[in-house]
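Subject: The model, plus some notes

Hi,

Here is the structure I promised to send over.

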Amino acid sequence: IVMCGIFGILFADGATMPQEHRLNQSATLISHRGPDGAGTYSAPGVGFVHTRLSLVDLQQRSNQPMWNADRSHCLVYNGEIYNYQLLRKELIARGIKFSTTSDTEVLLQLLIIDGIEQTLPRLQGMFAFAFYDLGKKQVVLARDRFGIKPMHLYRDSEKLIFASEIKAMKPWIKLRPNSFQMIRYLMNYGAPVRNSGFYENIDIVPAGSVITIDMGSAPKIEKFADVLNMVSRDRTEELNSMNKEQAVDHVDELMQHSVQQMLLADAPVGALCSGGVDSSLIMAIAARQHNNLAIFHADVVGPLSEYDAAADLAGHLKLDLLTVRTRDDDFIRLT
């Protein structure tokens, strides 16, 4: 799903003031990601933008950029932490008082108290965020283990820019196509090569990465998670010891729990149904756990259409299917 938009600009001299009208332009360019509200922050050397799609704690108190009580730390965040309620209870037991019921504030407090290294392994969910320590003049960027939430990065000798979508960078830099990547794509080599996009000098922050930026210094990039390192030999042996019936029951248990966590929201819940096996299975589990689930389908008009399969599933689950018809030229027209 599309959920919130983030943008930030850091000037190497630590003194240049981001122009407010440019920050507002960046917010407008990604307003479709967060139609429920927009916020900006600017100070010498740094500027942040957030556009909000409200899912948890719909009140304005959870708008971003979000600051802690003494305004020493700030967070702009796109995503959802599914285990935030458990983490919140632990923080309350440690004496932390909350002014919202959002997962944003839980993430902010965890980063302040425990730091980035201890916090990231505990997060169950999808995220891309920037955490600003005003005292240290330090910004930390992070992207979830699988790269579900987008984050693009531009850097030159004067500034560093990050954004959920490249279009948010337009008020600040001239976008130049990457000819190699464009030709490669048009020759049917698929998506751009790893961590590089369709524009010159704009990179894709790798999944499972942390980038630490101290004002005036080169950014440091590290990996906090790698898919290959998530495989546990003990866990693999445990799964291999199961018979077919046990394996099916175990997968069902895991799926039920996972979907249940993802249905948590203070806003109406909807889900995208492609018509394929994976999304159909998720829809079936979600419909069992959630009354009046809204389901949506993007009908790719032509021979690749899966509308019939999606419609059959909706009929089977007795749910209304909202369909949007898409064509190849929509990609050019809408991006």
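Predicted model: local features only at pLDDT ≥ 70, side-chain atom pairs only at ≥ 80, totals over all residues.

Residues are numbered from 1 along each chain as its sequence is written, and side-chain values use heavy atoms, with hydrogens and water left out.

The helix pair

Helix 2 (residues 84-93) packs against helix 3 (residues 103-119) at an angle of about 50°, and their axes are 10 Å apart. That makes helix 2 oblique to helix 3 (angles under 35 degrees count as roughly parallel, over 145 as roughly antiparallel, 65 to 115 as roughly perpendicular, and the rest as oblique). Helices here are DSSP runs of H or I with at least four residues, and strands are E runs of at least two, numbered from the N terminus. On the helix 2 side, the contact uses Tyr84, Leu87, Arg88 and Leu91, and helix 3 brings Asp103, Val106, Gln109, Leu110 and Ile113 (contact means heavy atoms within 4.5 Å).

Two buried residues

Asn78 sits in strand 5 (residues 73-81) and is buried, with a relative accessible area of 0%. Buried means under 20% relative accessible area, exposed over 50%, and partly exposed in between, using a 1.4 Å probe and protein chains only. The Asn78 side chain reaches the backbone oxygen of Met3 at 3.4 Å. Leaving aside residues up to four places away in sequence, Asn78 touches, among others, Met3, Cys4, Phe127 and Lys149.

Ser279 belongs to helix 7 (residues 277-289) and is buried too, at 10% relative accessible area. Its side chain is joined to that of Ser274 by a polar contact of 3.0 Å (a pair of N or O atoms within 3.5 Å; within protein, one must be able to donate a hydrogen and the other to accept it, and residues adjacent in sequence count only if both atoms are side-chain atoms).

Which peptide bond is cis, with omega near 0°? The one from Gln64 to Pro65, with Pro65 in the loop between strand 3 (46-52) and strand 4 (66-67).

Arg71 has a positive phi, near 55°, without being a glycine; Arg71 lies in the loop between strand 4 and strand 5 and is partly exposed at 46%. Lys318 is another non-glycine with a positive phi, about 60°, and is exposed at 74%.

Cheers

How values were computed. Axes fitted to C-alpha atoms, helices over the stretch in contact; angles between N-to-C directions.
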